[in-house]
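Please study the sequence and the three-dimensional structure shown below.

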Amino acid sequence: MNYKETIEYLFNSAPLFQNVGKDAYKEGLENTIALDDYFHSPHKKFRTIHVAGTNGKGSCSHTLAAILQSAGYKVGLYTSPHLVDFRERIRVNGMPVSEDFVIDFVAKHRTFFEPLHPSFFELTTAMAFHYFAEQAVDVAIIEVGLGGRLDCTNIIHPNLSIITNISFDHVQFLGNTLAKIASEKAGIIKLKTPVVIGETNDETRPVFLNRAKELEAPIYFAEEEKLINDITPLPEGGICYETASYGMLKGELGGLYQKKNTCTLLCAIQQLIKAGYRITEENIRQGFAHVCELTGLQGRWQRIAEHPITICDAGHNVGGIQYIVQQLKMQKYDRLHIVMGMVNDKDISGVLAMLPQEATYYFTQASVKRALPTSEFKKLAEKYGLKGNEFPNVETAFQAARKAADDKDFIFIGGSCFIVADLLTYLSKR
């Protein structure tokens, strides 16, 4: 098989969560342990940092990788989902895993893993760990796929665990209260291993404290450290942070939600330095300022065009959209155009209730089976006073918005990782 055929085999042979949702979710670590035994426990051959949370995992993981790369480490980075190409999920020093490795992995090992019927994520995790061991990385940043306690990444024993925040998402798997969701995320806390918590509330804080106490794990609450005094969004994109330890610190990522992520990261860096990582102030500045270049990160308040300013963002739940809405209010424009679609297992009503009624909407759907049909999305949106037209796919919706918008207008594309993925895929082919 060539690369295209191999990827189609992976997508079709192993249940892919982004396509089929709950049918791809496998509770338990039996397959993960079997795959790990088969590959001789590759995750034990390099240091790891584990990142969980409802929102912000991707931004934190990529920025941390960029900082460690700037410090001279050979860094593996495992994240999900991918936006344009499967290989984005597995990187070393920002470079995606090679097509040949993916082809060879499937060809050499399918006779073992096919009888297991692993999920797509179980198989991809095994591939990532095997690749990082083969590449002899110094450290790998491992992003949790879903939850934490039963996630197949949870066989690692990291130097540091990071839990960014807790909000309602994947409630059918993780529980319908913040405390239950926090308990699942807290499953990544390991014995006597420090953990940084980005955000808490009255429901989640006791969960983390109790779990850390049980495991004698030093616990640090980033929002209590007062590491950031103020932020200033920059006209060209990005944010300038006034920090307690580094003075003015420029971050390339521009979403308002990055303030929370940056606070979490600064706290995490303190713990990594305590653990013996060689990280200088200059490494930190380089990582924050050049995270996209160093790691290939896309889809975080990403400016894809000027005149009119056009932004896409992968925020896809109430916790993420609330910051996007705040940021839209800060923009200067004559008219606001929003290209939007969602998947069917999110709190769609919660998101729609937050969106600006004065915008013109271009309702659409992503090219995944979980996508909420455009007609249903439009009907729901109309109940919240949101007006616009239906479009069969992201490409036609985006083209319509571009055609309707004047130079002083503002276009936003989002609502789902997969809406952004379809947009970036379309743009990459132009």
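In what follows, contact means heavy atoms within 4.5 Å. The model is predicted.

**Exercise 1.** Determine which helix lies across strand 12, strand 13 and strand 17, and at what angle to strand 17 the helix runs.

*Solution.* Begin with residues 417-428, which form helix 17. This helix lies across strand 12, strand 13 and strand 17. Relative to strand 17, helix 17 runs at about 115°.

**Exercise 2.** Describe the open sheet of 6 strands and identify its edge strands.

*Solution.* The strand order is 12-13-17-14-15-16, and the pairing is mixed. Strand 12 (302-305) and strand 16 (387-390) are the edges, since each pairs on one side only. On average, neighbouring strands of this sheet are turned by 25° against each other, direction ignored. Within the sheet, strand 13 (residues 309-312) and strand 17 (residues 410-414) run parallel and are joined by 4 bridges. In this pairing, Cys312 stands opposite Ile413 of strand 17.

**Exercise 3.** State which strands helix 15 lies across.

*Solution.* Helix 15 spans residues 374-382. It lies across strand 14 (336-340), strand 15 (360-363) and strand 16. The angle between helix 15 and strand 16 is about 170°.

How values were computed:
Residues numbered from 1 in each chain as written. Predicted model: local features only at pLDDT ≥ 70, side-chain atom pairs only at ≥ 80, totals over all residues. Heavy atoms only, no water. Pairing = 2+ DSSP bridges. Helix = DSSP H or I, 4+ residues; strand = E, 2+ residues; numbered from the N terminus. Axes fitted to C-alpha atoms, helices over the stretch in contact; angles between N-to-C directions.
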